[in-house]
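Q: Please take a close look at the side-chain contacts in this protein. Which side chains meet, and where do they sit?

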Amino acid sequence: MYFSSTVNKDINKRWTSREKIIFTKVLTNIGAGYNATTGIFTAPRNGGYLFLCFLASHSNEIKASVVVNGTPKVGVPAIARSGPNGYGAAGNAVILQLARGDSVWIEHISGEYLWSHPTFPYSTFSGYLVE
């Protein structure tokens, strides 16, 4: 069981408090645990899962967290320098013990600009069952 998803365009907006970042382009989704409409991964069975999130920003920042059933677990702070060449990126990984039916998603904390590209995406959310 594994999935990898991305955002294939820039998102520059005012986010609502604790809004989910929805990674709409699915690269792979073996086991169908990731829902690209809601941005939520649902564990198909009990086990240890590795989750990775990478975020990129341009001339701003975007901070997010990996969330399980409404509880933030780790942060991902992509802080960019200001100006036309101000890029920033960050990533984090976490192994979590999940029960069947647990939900995992990426939640916005602060900032506005999530940077990506249609051909070679920069911002991704992935996970797989480790056992």
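A: Start with R18, which is partly exposed at 46% relative accessibility (buried means under 20% relative accessible area, exposed over 50%, partly exposed in between, with a 1.4 Å probe and protein chains only). This is a predicted model: local features need pLDDT of at least 70, side-chain atom pairs need 80 or more, and totals for chains, interfaces and linings use all residues. Residues are numbered from 1 along each chain as its sequence is written, and side-chain values use heavy atoms, without hydrogens or water.

R18 has a partner, E107. Their side chains form a salt bridge, 2.8 Å from N to O (a side-chain nitrogen of Lys or Arg within 4 Å of a carboxyl oxygen of Asp or Glu). The two come from distant parts of the chain, 89 residues apart. R18 sits in the loop between β2 (11-12) and β3, while E107 belongs to strand β10, residues 103-111 (strands are DSSP runs of E, at least two residues, numbered from the N terminus).

R45 and E131 form one of them, and their closest N and O atoms are 2.5 Å apart. R45 lies in the loop between β5 and β6, and E131 in the segment after β12, so this pair ties together parts 86 residues apart in sequence. R45 is partly exposed at 40%. E131 is exposed, with a relative accessible area of 63%.

Now for the rings. There are 11 aromatic pairs (rings of Phe, Tyr and Trp, its six-membered ring, with centres within 6.5 Å; planes under 30 degrees apart are stacked, over 60 edge-to-face, the rest tilted). F3 and F41 make a stacked pair. Their centres are 5.2 Å apart, with 15 degrees between the planes. F3 is in strand β1 (residues 2-6) and F41 in strand β5 (residues 40-42), so this pair joins parts 38 residues apart in sequence. Both of these rings, F3 and F41, belong to buried residues.

F120 and Y122 are edge-to-face, because their planes stand at 70 degrees and their centres are 5.6 Å apart. F120 is partly exposed at 43%. Y122 is partly exposed too, at 30%.

Ring pairs also build a cluster. It links F3, F23, Y34, F41, Y49, F51 and F125. The stacked pair of F3 and F41 has both its residues in that cluster.

Definitions and conventions
Helices (H or I, at least four residues) and strands (E, at least two) are DSSP runs, numbered from the N terminus.
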